[in-house]
Amino acid sequence: MTRWLQHPPPRGVLLALLAAGLAACFAIEQFGLVDDYVRFVLITFGINIILCVSLNLVNGWMGEFSVGHAGFMALGAYLSACVSVKWLSWGDPLWMFPLAVIGGGLMAGAVGFLLGLLSFKTRGDYLAIITLAFLMIVKSGIENIPYVGGPRGFLGIDNHTTLLWTAVWTVLTLWTIRNLVYSRFGRGIVAVREDEIAANAMGVDTRKAKLTAFVVSSFFGGVAGALFAHQLQFINPSVFDIVKSTEILVMVYLGGVGSLAGSILGATAFTFLSQALQPLGTWRMVILPLILVLLMIFRPRGIMGMREFSWFVPQREFPKKEDKK
Amino acid sequence: MDYFAQQAINAIQLGSIYALIALGYSMVYGVLVMINFAHGDVFMVSSFFCFLLLLVLPVPFIAALLIVMLATAILGVCIERLAYRPLRNAPRVSAIITALGCGLVIQNTTLSISPYSQRMPELFTPVTWNFAGLTISSLQILIVGISVGLMLALDFFIRKTRYGMAMRAIAQDRVTVPLMGVPVNQVIAVTFALGAALGGAAGVLYASAYPVISATMGVLVGWKAFVAAVIGGIGNVRGAVLGAYLLGAVEVFTVTVLPSTYRDLVVYTLLLVILIFKPYGLLGRPAVQKV
């Protein structure tokens, strides 16, 4: 591989690329450079990256197994829809929509905090069961709230999810999770995966690490749900079922556990595949889980499992040239 | 009071079917320490097997039960051989994900072939008796009788036969047992065959009691049985039966008090509450984590 791929470029170059990308999104949105279908797929792609990176924090870096991510999405989607349709519908979307998205994220984060508390006592299989129960409770709970439409779904949400907002939230998610897992505190989250008892003995506050991972992961799950609701303009409890969770799991384990580049790769491959397989109808949902099973058998850590593209790694992780001598 | 007793009979009927499915979850967990999420969908497919069998050839009830149990057992062994055995020594998370994936493959294949729910032809013409204000049908007696009979047979198998002994030994120590000459792969295959056969029996009984079958039954009914197995203490065969009857009662009596849309909410909340206060279920023993 060429040298510039093995070493991250200077900070300024990265920031310039980022600014160019956001400007491109703004231009596409402003001047209508792509047709509606491409725009829809691009927004879905961004939402999928947010979902994949945020679930990867718990399932990849922390090594737990959660199947409840669609539940956090549902909480974020419904709360943000309430904000934008019922509570602050008079507001200007310029400030009201970010508020709705953050509100959805906070709601999901608060419930994620409770789920994180439960993870102190249980691990592994039982934690997976708890997240499954959580998903079922959220889904059938929403079905029993007539205020948000019950089983019929929530209608009349305006389309506020622009390409620019999706890009901003995607970058924010990647930036937050990158800085978290490469921080001193975030290494405690990785230590929980390797060996919780040993991490505890070495002075890692494993409870705090678990809680942080759960709250951050579910916050961004809720943000993705909010963007999703304002993209589709109609949400229904049965959208957020175990199939949705499995889709996110496919992305995480396809791209690679514990890797930002892997999450982006997984989200890209999944978005492309699910669009390409659209003509197959329900057979699509036979092929996607089949891919997951084959992955587990032949490449359980995914394409980029535990590896990282150097551009996503902070500069300080690389030895300086003088040190090498 | 009559109403209450009538509901109690319904609860026992539902609990018996849950118990047969829950046993499959619990046996596999006991032997392999793995949640076989695909088991609910195996149960669902078995009722479709029964439906297909009756379309082709109208056999009597007992023959249908045995043929479906055999077919489902073969399916269970195939899943184990193709999907789970390659992952025997992989991290446990990989095995759970694979099981979840297998379940979705089975469910969505069935859904793609039969998008609508199917009406089951009548397997058995029930006779109903009125007894002190209660209505009991011969079908209910048959369901409870067959379930309890199969459960007793399984208990005998696990406690008294050589295979049963091998299963209990593998559950205790999977490293030493092969060194003693126990054919581990064969015993695990037998475990899957038995679990799936019981699920198959449940599929036939469920389809004769509630004769509309659909591809989502694996999630709607199969996962309830999984909840029952967890409540009882997954891995513990007697716990699974206790949990199943408890869950049957909770479900039936919830619907008498609250609207039926609250049923799932109550069941999964019960699961969450039990896991918080008794993390290993009612009869389960806590796993000691070795350092």
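In chain A, 47% of the 325 residues count as buried, a residue being buried if 20 or more other C-beta atoms, placed from the backbone, lie within 10 Å of its own. The model is predicted, so local features need pLDDT of at least 70 and side-chain atom pairs count only at pLDDT 80 or more, whereas totals for chains, interfaces and linings use all residues. Residues are numbered from 1 along each chain as its sequence is written, and chains are lettered from A and ligands numbered from 1 in the order in which they are written.

The secondary structure of chain A consists of 14 helices and zero strands; helices are DSSP runs of H or I with at least four residues, strands are runs of E with at least two, and numbering starts from the N terminus. The radius of gyration of chain A, 20 Å, agrees with the value near 20 Å for a compact globule of 325 residues. This radius is taken over C-alpha atoms, and the globule rule is 2.2 Å times the number of residues to the power 0.38. Along the principal axes, the C-alpha atoms occupy a box of roughly 65 × 50 × 40 Å.

Between the chains, 33 residues of chain A are in contact with 33 residues of chain B, contact requiring C-beta atoms, placed from the backbone, within 7 Å. On the side of chain A that touches chain B, two or more residues are given by each of helix H6 (124-143), helix H11 (242-255) and helix H13 (284-298) of chain A. H6(A) provides the largest share, twelve residues.

Definitions and conventions:
Buried ≥ 20, exposed ≤ 12 C-beta atoms within 10 Å, placed from the backbone. Contact = placed C-beta atoms within 7 Å.
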